[in-house]
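Q: I am new to this structure and would like to learn how to read it. Could we go through it feature by feature?

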Protein chains: 2
Amino acid sequence: VLLGDLMLSWCDEMLTRAVLDSPSMVANLGNARRFLDLCKSEVVAGQFLDVVGQTRPSLSVDEAMKVVRYKSAKYTVERPLHIGAALAGAGPDLIAGLSEVALPLGEAFQLRDDVLGVFGDPSVTGKPAGDDLREGKRTVLIARTSVLTDDAGRTLLHEQLGTTDGVDAVRELIQSSGALAAVEGDIARLEDQAEAALSALGPAAREILGPLALTATRRTR
Amino acid sequence: VLLGDLMLSWCDEMLTRAVLDSPSMVANLGNARRFLDLCKSEVVAGQFLDVVGQTRPSLSVDEAMKVVRYKSAKYTVERPLHIGAALAGAGPDLIAGLSEVALPLGEAFQLRDDVLGVFGDPSVTGKPAGDDLREGKRTVLIARTSVLTDDAGRTLLHEQLGTTDGVDAVRELIQSSGALAAVEGDIARLEDQAEAALSALGPAAREILGPLALTATRRTR
């Protein structure tokens with residue numbers, strides 16, 4: 001907890017000090033800090049939603065997507081882009097345009113993470129496959145499984161999710177229920193949305209952000 | 001933990017936003033933030049020293065005083081004065097002069113807190129007397145007792161500190177060993193130091209900070 005407090009303090013300190021030491025950016029400090037401030041409150045809210053969600057028997061797809069948005073998409077992609085853009089003097093149109101790219105991209109990034117957490121190759125991802133299942137995490141993948149499977153599947157999910165012995169059965173159910181395909185469909189749709197929004201920002205944005213965007217979602221680890 | 005993170009974020013947010021909204025103070029933001037940054041790192045360091053200290057069988061008077069300085073004196077008195085002074089454009093001499101007042105005053109404040117935690121009237125302090133003893137906190141009061149008592153007293157301290165049944169015996173030992181008188185002596189000495197430093201800052205500082213200083217140390221709750 002103390003180390004976390006220290007890191008949280010230092011992130012403020014480093015941004016503010018870097019900007020105050022850069023005469024060309026000082027005038028934009030207020031705008032940039034507004035996005036850092038939002039980012040920190042949002043990630044706390046997302047983590048809170050996640051913690052609360054894990055205490056409930058199930059989470060709807062919409063609820064699980066809201067956690068993904070606040071805990072991952074905003075904090076990982078949207079607000080960092082906003083902070084950089086604000087420091088460079090971006091106006092409200094560019095800020096809004098970056099959100100159009102960043103939110104679907106960040107959501108796709110997290111959904112890819114969820115898929116890799118269940119089906120990834122541990123020798124590539126560097127973390128044991130099935131940890132999310134053993135911990136019983138209520139991810140979008142699980143929410144979709146619960147909707148797409150039948151009563152027998154929901155009983156299996158209820159009984160086996162969060163157990164070590166049930167990992168294989170739950171993984172199999174995610175696939176056979178069509179939830180894996182549905183989430184891959186979500187990822188593809190979100191990638192398309194991000195790409196269209198990126199094109200709308202013009203060729204410079206496309207050239208710089210395009211390759212980064214693909215790294216976030218078309219990865220194996 | 002999440003609520004603490006949120007409050008820590010908001011303290012940065014509130015200070016920076018208030019200053020950015022006040023044209024007369026903007027130029028001093030960097031200096032003021034430097035003291036807020038120090039304050040946050042120092043209180044984490046102080047809390048860490050305190051947590052580590054509580055895991056050890058005993059703490060020397062010097063070690064306990066270091067916890068008091070980092071966890072209380074700097075965070076409660078010194079850095080808040082520095083932040084305000086920096087916002088008002090104070091130079092290094094005034095900043096150093098405020099430390100001369102604030103550190104002994106903050107230390108006296110915490111020692112008074114330790115004394116009240118053991119000997120205070122619960123109907124006045126609003127918290128049960130002896131909680132620090134029941135929790136086995138390694139305060140300066142306990143460190144002084146350990147030095148001033150004999151082997152039998154140290155054995156009593158070792159066996160009874162941190163227990164509910166031992167509260168009365170430890171309280172009695174703190175008094176009979178002379179530790180209470182020694183800490184009251186520390187408080188008086190620190191008050192004198194703070195007062196001398198306050199006089200050195202001139203009549204305006206004395207008029208404004210003087211009454212506040214007495215409230216911090218000559219209190220019953």
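Q: Is B:Arg154 buried, exposed or partly exposed?
A: Burial is read from relative accessible area: buried is under 20%, exposed is over 50%, and partly exposed is in between, with a 1.4 Å probe and protein chains only. B:Arg154 is partly exposed, because its relative accessible area is 31%.

Q: What should I know about the model and its numbering?
A: This is a predicted model, so local features need pLDDT of at least 70 and side-chain atom pairs count only at pLDDT 80 or more, while totals for chains, interfaces and linings use all residues. Residues are numbered from 1 along each chain as its sequence is written, chains are lettered from A and ligands numbered from 1 in the order in which they are written, and side-chain values use heavy atoms, with hydrogens and water left out.

Q: Which residue forms a salt bridge with B:Arg154?
A: A salt bridge is a side-chain nitrogen of Lys or Arg within 4 Å of a carboxyl oxygen of Asp or Glu. Here the partner is B:Asp151, with the closest N and O atoms 2.9 Å apart. B:Asp151 is exposed, at a relative accessible area of 55%. Both residues lie in helix H8 of chain B, 3 residues apart, about one turn of the helix.

Q: Which residue does B:Asp131 pair with in a salt bridge?
A: B:Asp131 pairs with B:Arg134, and their closest N and O atoms are 3.3 Å apart. Both lie in helix H6 of chain B, again 3 residues apart. B:Asp131 has a relative accessible area of 27% and is partly exposed. B:Arg134 is partly exposed too, at 28%.

Q: Where do A:Lys74 and A:Glu42 lie?
A: A:Lys74 forms a salt bridge with A:Glu42, at 3.5 Å between the closest N and O atoms. A:Lys74 sits in helix H3 (residues 61-87) of chain A and A:Glu42 in helix H2 of chain A, so the pair ties together parts that are 32 residues apart in sequence. Both residues are buried.

Q: How many helices and strands does chain A have?
A: Helices and strands are DSSP runs numbered from the N terminus: helices are H or I with at least four residues, strands are E with at least two. Chain A has 11 helices and 0 strands. Its C-alpha trace spans about 65 × 45 × 30 Å along the principal axes. Of its 221 residues, 46% count as buried.

Q: How much of the contact in chain A links residues 24 or more positions apart?
A: Contact means heavy atoms within 4.5 Å. Among contacts in chain A with a separation of 6 or more, 71% join residues 24 or more positions apart.

Q: Which residues of helix H7 of chain B are buried?
A: Helix H7 covers residues 140-148, and its buried residues are B:Val140, B:Leu141, B:Ile142, B:Ala143 and B:Thr145. They pack against several helices of chain B, including H3 (61-87), H4 (92-119) and H10 (179-200).

Q: Is B:Arg112 buried or exposed?
A: B:Arg112 counts as buried, because its relative accessibility is 12%. It lies in helix H4 of chain B. Leaving out residues up to four places away in sequence, B:Arg112 touches B:Glu184, B:Ile187, B:Ala216, B:Thr217 and B:Arg219.

Q: How much area do chain A and chain B bury between them?
A: The size of an interface is often given as the accessible area lost when the parts come together. Buried area here uses a 1.4 Å probe and is summed over both parts. Chain A and chain B bury about 2,000 Å², 66% of it on carbon and sulfur atoms. In chain A, A:Leu2, A:Arg17 and A:Val44 lose the most area to chain B, together 25% of what that side buries.

Q: How many salt bridges are counted between chain A and chain B?
A: The count is 2. In one salt bridge the side chains of B:Asp37 and A:Arg17 meet, at 3.7 Å from N to O. H1(A) gives the most to the side of chain A that touches chain B, with 11 residues.

Technical notes:
Buried area is the accessible area (1.4 Å probe) that two parts lose on being put together, summed over both.
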